[in-house]
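Subject: Structure handover

Hello,

Here is the structure we spoke about. Please look through it alongside the notes that follow it.

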Amino acid sequence: MSKRNPFLTPPPSGEKPRPFREVVDDVIESLPQDLPTDPQQLLIGLDIDGTLLTPTGATPRVRSLYRAVIEAGIHTVIASGRTLGAVRPIVSQLGTDTGVSVCSNGAVIAQWDPHCEGGVRVVQTCEFRVDEVWDRVLSVLPDAIIGVEKDGGFFISDFFPEGELIEEHWVLPIEQLRQKKTPNLVVRAPQMSIEQFSAALDDSQVRQTHEVFVGWTSWANIGPLGCTKARALDDLARQYGVPPQGTIAVGDGSNDVPMLEWAALGVAMGGADSQVRSHAQHVTAAVENDGAAAVMAALLWHCGVPFPSA
């Protein structure tokens, strides 16, 4: 069984180096006037790939500030399209064994707790039947590889390209796969361009009945309709008593658009394309210039909490 590099993530954007303090000041200027100064009244949702993570892992500044906002009392949530199994090494990379993660684009919410078996407890899962979309997807992508998420791993129709799945995975016969329920179905067509792949999914009409998010390769995550990062973060904000004006989201991909629109302050990363940027209130630096760390530093400044500069 192959294992993928847990730091497999979009390549750097090519953005020129920027002084970190300058990036922080830009974020500070964008903060809404009614943003609460009580850390307990703030919730920040942070995407992983292209936001917290570079191809070599999280930078020291990101790790330091991630821990600092948690220690300050800001409700800090990793919000990712990754499965629980693929989020696990990133939580470890960030240097904490506690917290909450929104996984599988909002279909799974998990509580990290070293006292739980395996260090984590799934608190919410939203699933759909695989056969609801199977025939429509394969009618337009007959050679696609299908992955059916279950318990943070995958049952797959065939092997994915070497190194692409960090999660445990097992090949199953098609009829068994069709009968599964899942929070997240992955469709992969390595031989196709992203444009061809996305157009084929449009033709399948799956987008009309399910959430469909295409990544930076010909890879799509399909989830239950209405299950997005935004919905999961909204549930958590209500649970924590965070007011709407205290919500912040940071991301770079099309699957981040719902949470960027939902948040009082939606921040797109500098590596995001123009479509994603158009849904944000602010554009910070790219991941290689610690844009997400700058957002966290600005929030600490706003709350009167000193923040580490490096």
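The model is predicted.

Eight strands make up an open sheet, in the order 5-4-3-2-1-14-15-16, and the pairing is mixed. Its edges are strand 5 (120–125) and strand 16 (282–283), each of which pairs on one side only. Within this sheet's order, strands 4 and 3 stand side by side: strand 3 (residues 99–103) pairs with strand 4 (residues 108–112) in the antiparallel sense, over five bridges.

Helix 7 (residues 229–240) lies across strand 1 (43–46), strand 2 (75–79), strand 3, strand 4, strand 5 and strand 14 (247–251). Relative to strand 3, helix 7 runs at about 155°.

Strand 13 and its partners

Strand 13 (residues 219–224) has six of its six residues buried, so it is largely enclosed by the rest of the structure. It pairs with strand 11 (residues 185–188), to which it runs antiparallel and is joined by four bridges. In that pairing, V186 has N221 of strand 13 as its bridge partner.

Strand 13 also pairs with strand 12 (residues 210–214), again in the antiparallel sense, here over five bridges. E211 stands opposite G223 of strand 13. Strands 12 and 13 form a hairpin, with four residues between them.

Helix 2 and helix 10

The axes of helix 2 (residues 60–72) and helix 10 (residues 291–302) come within 9 Å and cross at roughly 35°. The crossing is left-handed. On the helix 2 side, the residues in contact are R61, V62, L65, Y66, A68, V69 and A72; on the helix 10 side they are A293, M296, A297 and L300. By class, this contact has ten nonpolar residues, no polar ones and one charged one.

E167

E167 sits in the loop between strand 8 (153–156) and strand 9 (169–171). Is its position buried or exposed? The relative accessible area of E167 is 6%, and the cut-off for buried is under 20%, so E167 counts as buried. Its side chain makes a polar contact of 2.6 Å with the side chain of T83. Leaving aside residues up to four places away in sequence, E167 touches T83, G85, A86, G152, G153 and F154.

Most residues other than glycine have a negative phi.

D151 has a positive phi of about 55°, although it is not a glycine. It is in the loop between strand 7 (145–150) and strand 8. At 76% relative accessibility, D151 counts as exposed.

D290 also has a positive phi, of about 60°, and is likewise not a glycine. Its place is in the loop between strand 16 and helix 10. At 8% relative accessibility, D290 counts as buried. Thus D151 is exposed, whereas D290 is buried.

Regards

Definitions and conventions
Residues are numbered from 1 along each chain as its sequence is written. This is a predicted model: local features need pLDDT of at least 70, side-chain atom pairs count only at pLDDT 80 or more; totals for chains, interfaces and linings use all residues. Side-chain values use heavy atoms; hydrogens and water are left out. Axes are lines fitted to C-alpha atoms, for helices over the stretch in contact, and angles run from 0 to 180 degrees between N-to-C directions. Helices (H or I, at least four residues) and strands (E, at least two) are DSSP runs, numbered from the N terminus. A crossing is left-handed if the near helix is turned anticlockwise from the far one by less than a right angle, and right-handed if clockwise. Contact means heavy atoms within 4.5 Å. Ala, Val, Leu, Ile, Met, Phe, Trp, Tyr, Cys and Pro count as nonpolar, Asp, Glu, Lys and Arg as charged, and the others, Gly among them, as polar. Two strands pair if DSSP finds at least two bridges between them. Buried means under 20% relative accessible area, exposed over 50%, partly exposed in between (1.4 Å probe, protein chains only). A polar contact is a pair of N or O atoms within 3.5 Å; within protein, one must be able to donate a hydrogen and the other to accept it, and residues adjacent in sequence count only if both atoms are side-chain atoms.
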